[in-house]
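Subject: Handover of a structure and its findings

Dear colleague,

Please find below the structure that I am handing over to you. I would be grateful if you kept it open while reading the notes that follow.

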Amino acid sequence: MLKKFVLGGIAALVLAACGGEGGSASSSAPAQSAGASGGSLIERINNKGTVTVGTEGTYSPFTYHDKDGKLTGYDVEVTRAVAEKLGVKVEFKETQWDSMMAGLKAGRFDVVANQVGLTSPERQATFDKSEPYSWSGAVLVARNDSNIKSIDDIKGVKTAQSLTSNYGERAKAAGAELVPVDGLAQSLTLIEQKRADATLNDELAVLDYLKKNPNAGVKIVWSAPADEKVGSGLVVNKGNDEAVAKFSTAINELKADGTLKKLGEQFFGKDISVQ
């Protein structure tokens, strides 16, 4: 799922299911969110009320339960920080990914915080997104002692990929010899075992793996340019422009005061709020 951008590893993170979107909501006029305490979203924010947030709770390291059962993760903690900036309470409603965007459209919650990137015209017509709080794009991973330096170097090289992912197609287009795998973890294991030489995958999924496996013996050797990265932010139904502006202001303040950098380093070992 990672954007709902990851393809393999963290539940197939970017551009597949995490293609950043998901759900099955149609593009007809969205319902106005009713929220937990009534009134419009901007009224609840201005009145310091409670904002309800849809999230999975099973999508580490973005939204999951820690060993003590507490809901946490990068998206969860960013949302809590935004709510604190705005002086509102936040109530998380854990929801399966497949029904999350439909739930937002139906007004079951006000906001979705779950690594959503609005990349399709249908989603852009139905939902709005705040200033991004995370960015992700393709990265190329190889062994620490590899001579591979960029995507141009994988022509004829054994590259471990999920054959149904956009990363697999991109590796094939670059002339790589594809080694089929089920996901990111298997890709990196094959590289460590020297049964493959590289993998092209989602940056956030790779950072998460490397943080959890610091002695893996692999590293990122190339990253896609900034203009190819996709940003994820807080997502709301259309018609909440004032609320989106408030969220975006808060996110920019959290970037400026170092909060997002700190959270990125906590969950990924790197600031992921910059493009």
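Is Tyr 74 buried or exposed? Tyr 74 has a relative accessible area of 0%, and because anything under 20% counts as buried, Tyr 74 is buried. Please bear in mind throughout that this is a predicted model.

As general background, nonpolar side chains in soluble globular proteins tend to be buried together.

Which residues does Tyr 74 touch, once its neighbours within four places in sequence are left aside? Its contacts are Pro 61, Phe 62, Tyr 133, Ser 134, Leu 260, Leu 263, Gly 264, Phe 267, Phe 268, Ile 272 and Ser 273. Several of these names return below.

The aromatic residues

The model contains four aromatic pairs. In one of them, Phe 62 and Phe 268 are tilted, with 5.4 Å from centre to centre and 45° between the planes. Phe 62 sits in the loop between E3 and strand E4 (64–65), whereas Phe 268 belongs to helix H9; the pair thus links distant parts of the chain, 206 residues apart. Phe 62 and Phe 268 are both buried.

Tyr 74 and Tyr 133 form another tilted pair, at 6.1 Å centre to centre and with 55° between the planes. Tyr 74 lies in helix H2 and Tyr 133 in the loop between strand E8 (127–129) and strand E9 (134–136), so this pair ties together parts that are 59 residues apart in sequence. Tyr 133 has a relative accessibility of 0% and therefore counts as buried. One aromatic cluster takes in Tyr 59, Phe 62, Tyr 74, Tyr 133 and Phe 268.

The loop that holds Phe 62 also holds Pro 61, between E3 and E4. The peptide bond from Ser 60 to Pro 61 is cis, with omega near 5°. For comparison, most peptide bonds are trans, and most residues other than glycine have a negative phi.

How do H7 and H9 pack, in terms of angle and distance? Their axes are 8 Å apart and form an angle of about 60°. On the H7 side, Leu 204, Leu 207, Asp 208 and Lys 211 meet Glu 265, Gln 266, Phe 267 and Phe 268 of H9. Four of the residues in this contact are nonpolar, one is polar and three are charged.

H7 is mostly covered, with seven of its 10 residues buried. These are Glu 203, Leu 204, Ala 205, Val 206, Leu 207, Asp 208 and Tyr 209. At the start of H7, the backbone nitrogen of Leu 204 has a side-chain oxygen of Asp 202 within 2.9 Å.

In helix H3 (residues 97–105), the buried residues are Trp 97, Met 100, Met 101, Gly 103, Leu 104 and Lys 105. Among the elements that cover them are E3, E7, H4, E8 and strand E16 (235–237). After H3 comes Gly 107, which has a positive phi near 85°.

Two residues with positive phi

Gln 115 is not a glycine, yet its phi is positive, at about 55°. Gln 115 is found in the loop between strand E7 (111–112) and helix H4 (121–126). With a relative accessible area of 0%, Gln 115 is buried. Its side chain makes a polar contact of 2.9 Å with the side chain of Ser 134, and Ser 134 is also one of the residues in contact with Tyr 74.

Lys 194, likewise a residue other than glycine, has a positive phi near 65°. Lys 194 is found in the loop between helix H6 (184–192) and strand E13 (198–202). Is Lys 194 buried or exposed? Its relative accessibility is 60%, and because the cut-off for exposed is over 50%, Lys 194 counts as exposed.

Yours sincerely

Definitions and conventions. Residues are numbered from 1 along each chain as its sequence is written. This is a predicted model: local features need pLDDT of at least 70, side-chain atom pairs count only at pLDDT 80 or more; totals for chains, interfaces and linings use all residues. Side-chain values use heavy atoms; hydrogens and water are left out. Helices (H or I, at least four residues) and strands (E, at least two) are DSSP runs, numbered from the N terminus. Buried means under 20% relative accessible area, exposed over 50%, partly exposed in between (1.4 Å probe, protein chains only). A polar contact is a pair of N or O atoms within 3.5 Å; within protein, one must be able to donate a hydrogen and the other to accept it, and residues adjacent in sequence count only if both atoms are side-chain atoms. Contact means heavy atoms within 4.5 Å. Axes are lines fitted to C-alpha atoms, for helices over the stretch in contact, and angles run from 0 to 180 degrees between N-to-C directions. Ala, Val, Leu, Ile, Met, Phe, Trp, Tyr, Cys and Pro count as nonpolar, Asp, Glu, Lys and Arg as charged, and the others, Gly among them, as polar. Rings of Phe, Tyr and Trp (its six-membered ring) pair if their centres lie within 6.5 Å; planes under 30 degrees apart count as stacked, over 60 as edge-to-face and the rest as tilted.
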